[in-house]
Amino acid sequence: MWDYSDKVIDHYRNPRNVGKIDNADAIGEAGSLACGDSLKIYLKIKDGIVTDAKFQTFGCGSAVASSSILTEMIIGKSIEEVKKITNKDIADQLGGLPPEKMHCSVMGYEALEDALKNYDDYTDLDDIRNEEEANKQREKIVCTCFGITENVIWDAIKMNGLKTVEEVTNYTKAGGACGKCKGLIQDIIDTYYKKEEHEKNESTLTPAQKIIKINNVIEKQISPELMKDGGDITLVDIDGNKVMVKLRGKCSGCKNSHLTLKAFVEKTLKDTVDLNIEVVEVE
Ligand code: FES
């Protein structure tokens with residue numbers, strides 16, 4: 001049995017703001033009856049402030065409690081404040097949710113996001129993310145069993161620091177039925193953390209630090225790998241993102257991944273230092 005906080009039990013037994021708002025200024029939906037959970041949220045907005053919020057939900061006790069507390073959290077808040085609410089905030093307000101029930105808080109967040117997108121004056125969500133094209137790409141369905149898009153998985157990873165497929169399943173349901181999408185989910189997790197690492201490196205490394213890091217990676221990671229198969233690497237020069245090297249022999253890592261020696265070196269430096277690095281082989 002799952003352990004529920006007193007607040008979850010209270011909101012499940014006495015849900016606040018249940019129902020529908022006629023002439024709502026914004027309506028958002030998330031989940032679907034086919035998936036076993038669904039939520040519709042109605043907002044009344046005046047002068048940029050949420051003056052009323054109601055919900056209708058079909059789902060478990062955690063879904064009811066998440067929806068109920070969400071309405072309490074947003075009434076009286078400005079649109080700007082509401083936009084900052086995450087599924088983690090919803091779960092925190094409830095005093096926590098069991099990991100297997102975190103998807104209920106995600107459903108609340110998604111319904112709210114949908115309502116804000118539909119709000120007439122709400123135009124800047126894409127500006128905030130500044131990734132319109134990437135978002136379009138992430139609209140594609142990853143988990144067909146539950147109709148979960150890449151966008152939803154990406155946001156859940158980002159907001160909750162999810163690291164494993166199991167955690168993504170707990171937060172979004174994706175992967176929780178036939179399991180065919182688990183490989184795709186792992187790819188999304190890998191891509192997210194690679195991107196995060198890249199952004200961290202880009203924002204924090206000075207040119208001098210970058211040179212030191214390239215040297216370290218060559219010495220501690222690349223060279224030992226090449227030496228296993230009698231290969232070798234000599235760093236000749238670094239000019240911005242161009243890394244000039246002399247290469248000799250092969251490496252076991254290259255053979256396993258079918259990469260050329262130069263491609264192996266470039267991939268390792270891109271993964272660990274900077275995605276813009278280009279390796280140039282010199283005589
Ligand atoms: S496709 Fe995701 S669980 Fe079936």
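Of the 283 residues of the protein chain, 34% count as buried, a residue being buried if 20 or more other C-beta atoms, placed from the backbone, lie within 10 Å of its own, exposed if 12 or fewer do, and partly exposed in between. The model is predicted: local features need pLDDT of at least 70, side-chain atom pairs count only at pLDDT 80 or more, and totals for chains, interfaces and linings use all residues. Residues are numbered from 1 along each chain as its sequence is written.

Colour the chain by secondary structure to display 13 helices and eight strands; these are DSSP runs, numbered from the N terminus, with helices being H or I of at least four residues and strands E of at least two.

Select residues 150-160 next. This is helix α8, in which eight of eleven residues are buried: Glu 150, Val 152, Ile 153, Trp 154, Asp 155, Ala 156, Ile 157 and Asn 160. Gly 161 follows α8 and has a positive phi, near 60°.

Centre the view on Ile 153. Leaving aside neighbours within four places in sequence, Ile 153 is in contact with Val 142, Ile 148, Val 168, Thr 172, Ala 174, Ile 185 and Ile 188, a contact being a pair of C-beta atoms, placed from the backbone, within 7 Å.

At least three core residues come from each of domain 1 (1-123) and domain 2 (126-204), with bounds from an automatic or database domain assignment.

Proceed to helices α11 (residues 207-227) and α13 (residues 261-272), whose axes come within 11 Å and cross at roughly 125°. Axes are lines fitted to C-alpha atoms, for helices over the stretch in contact, and angles run from 0 to 180 degrees between N-to-C directions. The contact involves Ile 214, Val 217, Gln 221 and Ile 222 of α11, and Val 265, Thr 268, Leu 269 and Thr 272 of α13.

Finish at Asp 271, located in helix α13. Asp 271 counts as partly exposed because it has 15 C-beta neighbours inside 10 Å. Select Lys 194 as well: Asp 271 and Lys 194 are 77 residues apart in sequence and 7.0 Å apart in space, C-alpha to C-alpha.

Conventions:
Two residues are in contact if their C-beta atoms, placed from the backbone, lie within 7 Å.
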